[in-house]
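Here is a short briefing to read with the structure open.

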Amino acid sequence: MSGVQPLPFEHRENNSLISAEMICADAMEYLPKLESNRFDLVITSPPYNIGKEYEKKKSIEKYLAEIEQIIVECVRLVSDQGSICWQVGNYVDKGEVYPLDIFYYPLFKRYGLQLRNRIIWSFGHGLHASNRFSGRYETILWFTKSENYIFNLDEVRIPAKYPGKRHFKGPKKGQLSGNPKGKNPSDVWEIVAEDWEREIWEIPNVKSNHPEKTNHPCQYPVELIERCVLALTNECSHVLDPFAGVGSTLLACLKNNRHSIGVEKEVTYVKMAQSRIDKMRLGTLKTRPVTKPIHQPSANDKVARLPEEWNSSLYDAPLNERNGKCG
Ligand SMILES: C[S@@+](CC[C@H](N)C(=O)[O-])C[C@H]1O[C@@H](n2cnc3c(N)ncnc32)[C@H](O)[C@@H]1O
């Protein structure tokens, strides 16, 4: 299959060109053409085998056997100081939940990778389940190829909750205990799943107009990937996304001066990705800044108040009265 021509991106500081190349191909056919050890980061969200428009649902065994061949290629392509980040949710069959990261972990171990974090990506909105608790997180398995890996913690520190906290005993008593650059963001990341989704709740009817929204059913937020790109690669590193969709990984790389290649089998998504890349080059693509806090509704927001139709006395009642005969 033919590749879509890459477009160069002007490096903001020294005018060297940062590439963002979308390839329209099956990853299984294209990855073997790339040179070994080229990428400091392979980051992706593979198909979940849940019957989305770009995949045919199959048994979990068959699904994993097929993806394992791509994992073997990814391991070959990542540099010795590099990382693989595999972002997944659940595969669900007849109401039974299969957490995909649990199935993927042994595959990566089989090829010698070492897990550094199982990152929980939590988000506030999503489908409301009625036969189990509503799912509000997915995971990123972060593996490295060796013990000597790139990790730029300072690039992704977040503001400390109590920057004025001091040691209260010991030899450092009285000295500030935190880091002036901020704190480690931990392995639980609260990042809005989709900007437009948040705005549907807070500003109804913006979904179709939101500049970040594409027709891809499973686009992940650029902000989520930026954190990995900043921490796990250096400026001008090369990054690969073997299931690139509408190019969110490539946008995260462009924004932060990393070269990137995305492989995607559906030409419609490749074109959307290309258009988003073009907009980013022109400075017209809106994405959430990495450090922007999650919106908390104020008590005065209409949507945050208990509606009159609901009996508010129920919510004021002591627990034992609410529980009825079991109280
Ligand atoms: C979960 S989506 C990734 C979305 C992406 N993270 C984004 O933000 O747009 C998985 C993508 O993998 C693509 N895909 C599935 N199998 C593929 C294969 N063998 N080779 C290349 N792309 C594939 C699908 O078309 C789909 O767009």
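**The chain as a whole**

Of the 327 residues in the protein chain, 31% are buried. The model is predicted. The protein chain has 9 helices and 11 strands. Among contacts with a separation of 6 or more, 67% join residues 24 or more positions apart.

**Helix H5 and its cover**

- Helix H5 spans residues 222–232. It is mostly covered, with 10 of its 11 residues buried.
- The buried residues of H5 are Val222, Glu223, Leu224, Ile225, Glu226, Arg227, Cys228, Val229, Leu230 and Leu232.
- Strands take part in the cover over these buried residues, including S3 (39–44), S4 (78–88) and S7 (114–122).
- The cover also includes strands S9 (188–190) and S10 (238–241), along with helix H6 (248–255).

**H5 against H6**

- Two packed helices are described by the angle between their axes and the distance between the axes.
- For H5 and H6, the angle is about 55° and the axes are 8 Å apart.
- H5 passes H6 in a right-handed crossing.
- H5 brings Val222, Ile225, Glu226 and Val229 to the contact. They meet Ser248, Thr249, Leu251, Ala252, Cys253 and Lys255 of H6.
- By class, this contact of H5 with H6 has 6 nonpolar, 2 polar and 2 charged residues.

**H6 against H7**

- H6 also packs with helix H7 (residues 267–282). The angle is about 20° and the axes are 9 Å apart.
- That angle makes H6 roughly parallel to H7.
- The crossing of H6 and H7 is right-handed.
- Leu250, Leu251 and Leu254 of H6 make the contact with Ala273, Arg276, Ile277 and Met280 of H7.
- The residues in the contact of H6 with H7 divide into 6 nonpolar, no polar and 1 charged.

**H2 against H3**

- Helix H2 covers residues 60–77, and helix H3 covers residues 100–110.
- Their axes come within 11 Å and cross at roughly 40°.
- H2 and H3 are therefore oblique to each other.
- H2 passes H3 in a right-handed crossing.
- From H2, the contact uses Ile60, Leu64, Glu68 and Ile71. From H3, it uses Phe103, Leu107 and Phe108.
- By class, the contact of H2 with H3 holds 6 nonpolar residues, no polar ones and 1 charged.

**Around the ligand**

- How many residues surround the ligand, and which are the closest? There are 20, and the closest are Ala27, Tyr54, Phe243, Gly245 and Ser248.
- Helix H1 (27–30) and strand S11 (259–264) each supply at least two residues of the shell around the ligand.
- The shell has 10 nonpolar, 5 polar and 5 charged residues.
- Ser248 links two topics: it is among the closest residues to the ligand, and it is one of the H6 residues that meet H5.

**Two asparagines with positive phi**

- Most residues other than glycine have a negative phi.
- Asn37 has a positive phi, near 60°. It lies in the loop between H1 and S3.
- Is Asn37 buried or partly exposed? Asn37 counts as partly exposed, because it has 13 C-beta neighbours inside 10 Å.
- Asn49 also has a positive phi, of about 65°, although it is not a glycine. Asn49 lies in the loop between S3 and H2.
- Asn49 has 22 C-beta neighbours inside 10 Å, so it counts as buried. The cut-off for buried is 20 or more.

**Arg118 in strand S7**

- Arg118 sits in strand S7.
- Arg118 is partly exposed, because 13 other C-beta atoms lie within 10 Å.
- Leaving aside neighbours within four places in sequence, Arg118 is in contact with Asp101, Thr139, Leu141 and Asp187.
- Arg118 and Tyr105 are 13 residues apart in sequence. Their C-alpha atoms are 9.9 Å apart in space.

Conventions. Residues numbered from 1 in each chain as written. Predicted model: local features only at pLDDT ≥ 70, side-chain atom pairs only at ≥ 80, totals over all residues. Axes fitted to C-alpha atoms, helices over the stretch in contact; angles between N-to-C directions. Helix = DSSP H or I, 4+ residues; strand = E, 2+ residues; numbered from the N terminus. Parallel < 35°, antiparallel > 145°, perpendicular 65-115°, else oblique. Left-handed = near helix turned anticlockwise from the far one by under 90°. Contact = placed C-beta atoms within 7 Å. Nonpolar A, V, L, I, M, F, W, Y, C, P; charged D, E, K, R; others polar. Near = placed C-beta within 6 Å. Buried ≥ 20, exposed ≤ 12 C-beta atoms within 10 Å, placed from the backbone.
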